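Please open the structure in your viewer and have a selection tool ready. We will go stop by stop, with something to select at each one.

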Amino acid sequence: MSYPQGGYPQGGYPKEGYQQGGYPGYQPGPPGYSPAPYYGGTQQQSTTTVVVGQPTASHTTLLYRSSGDHFLTLSIVMTFICIFCGGLLPAVLTVAAIFVSLSAKDDDLRGDEECAKRKGRIALFLNILSVVLTLVVYAIIIGVIVKVVTSCTRYYNGQYDTYGCFY
């Protein structure tokens, strides 16, 4: 068996005088495991302790009590009714009621139940006020129509006179 220059086999390690185990203090591995080469130097030993444990369970209980939609649905419905039938001022009040009821929902989500209820009552009041104003607008319109119709027809000498009215 001839070795190249230096007297080592092609793997780079001398076969003669090679200890099975590598360097001093080396423990052989499982069967089929080839040990790592020893390059010299000093040997350092260290021990590492690993502690494995289960994390402790923590339970958090959240209590959420919603006190309703804070008249948001009523405000939206009343806005459409006031826009199409009532007039501008009642519609402005219902839009304000929408913003107040949304603010009440935010307060409720933050846990400020008292403030949410107070803002919900304000939204309800604005909706009721818009209904009253819508009814007042209707009453004024009906009153004006009745006044115009009755003032144009006068009973005079057994006949109805429409003098001064434009038909």
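In which helix do Arg110 and Asp107 lie, and how many residues apart are they? Select the two and you will find them in helix H2, 3 residues apart, or about one turn of the helix. Please keep in mind on this tour that the model is predicted.

**Stop 1: a pair within H2**

Show the side chains of Arg110 and Asp107: they meet in a salt bridge, with N to O at 2.0 Å. Now colour the two by accessibility. Arg110 counts as exposed because its relative accessibility is 64%, while Asp107 counts as buried because its value is 3%.

**Stop 2**

Is Lys119 buried or exposed? Lys119 is buried, and so is Asp107. With Asp107, Arg110 and Lys119 on screen together, you are looking at a network of salt bridges.

**Stop 3**

Next, select Glu113 and Lys117. Here is another salt bridge, with the closest N and O atoms 3.6 Å apart. About one helical turn separates Glu113 and Lys117, because they are 4 residues apart in helix H3. Glu113 has a relative accessibility of 32%, so it counts as partly exposed; Lys117, at 40%, is therefore partly exposed as well. The salt bridge count comes to 3. As background for these stops, side chains of opposite charge can pair when their charged atoms come close.

**Stop 3: all of H2**

Now select residues 88-110, which make up helix H2. How far does H2 reach from its first C-alpha to its last? Its 23 residues span 34 Å, close to the 33 Å expected at 1.5 Å a residue. Colour the buried residues of H2 and you can follow them along the helix: Pro90, Ala91, Leu93, Thr94, Ala97, Ile98, Ser101, Ala104, Asp107 and Asp108. Just after H2, click on Gly111, where phi is positive at about 100°.

**Stop 5**

Phe71, not a glycine either, has a positive phi of about 65°. For context, most residues other than glycine have a negative phi. Show the surface here as well: His70 counts as buried because its relative accessibility is 5%, whereas Phe71 counts as partly exposed because its value is 32%.

**Stop 4**

Take Ile141 as one of its members: Ile141 lies in helix H3, and its relative accessibility of 44% is why it counts as partly exposed.

**Stop 5: the whole protein**

Finally, clear the selection and zoom out. The protein has 3 helices and 2 strands, running α-α-α-β-β from the N terminus on. Its accessible surface comes to about 13800 Å², with 62% of that belonging to carbon and sulfur atoms. Buried residues make up 19% of the 167 residues. Of the contacts between residues at least 6 apart in sequence, 51% join residues at least 24 apart.

Before you close the viewer, colour by pLDDT. The protein averages 76, and 59% of the residues score at least 70.

Methods: Residues are numbered from 1 along each chain as its sequence is written. This is a predicted model: local features need pLDDT of at least 70, side-chain atom pairs count only at pLDDT 80 or more; totals for chains, interfaces and linings use all residues. Side-chain values use heavy atoms; hydrogens and water are left out. Buried means under 20% relative accessible area, exposed over 50%, partly exposed in between (1.4 Å probe, protein chains only). The expected span of a helix is 1.5 Å times one less than its number of residues. Contact means heavy atoms within 4.5 Å. Accessible areas come from the Shrake-Rupley method with a 1.4 Å probe; for residues, only the protein chains shown count as cover. A salt bridge is a side-chain nitrogen of Lys or Arg within 4 Å of a carboxyl oxygen of Asp or Glu. pLDDT is the predictor's confidence in each residue, from 0 to 100.
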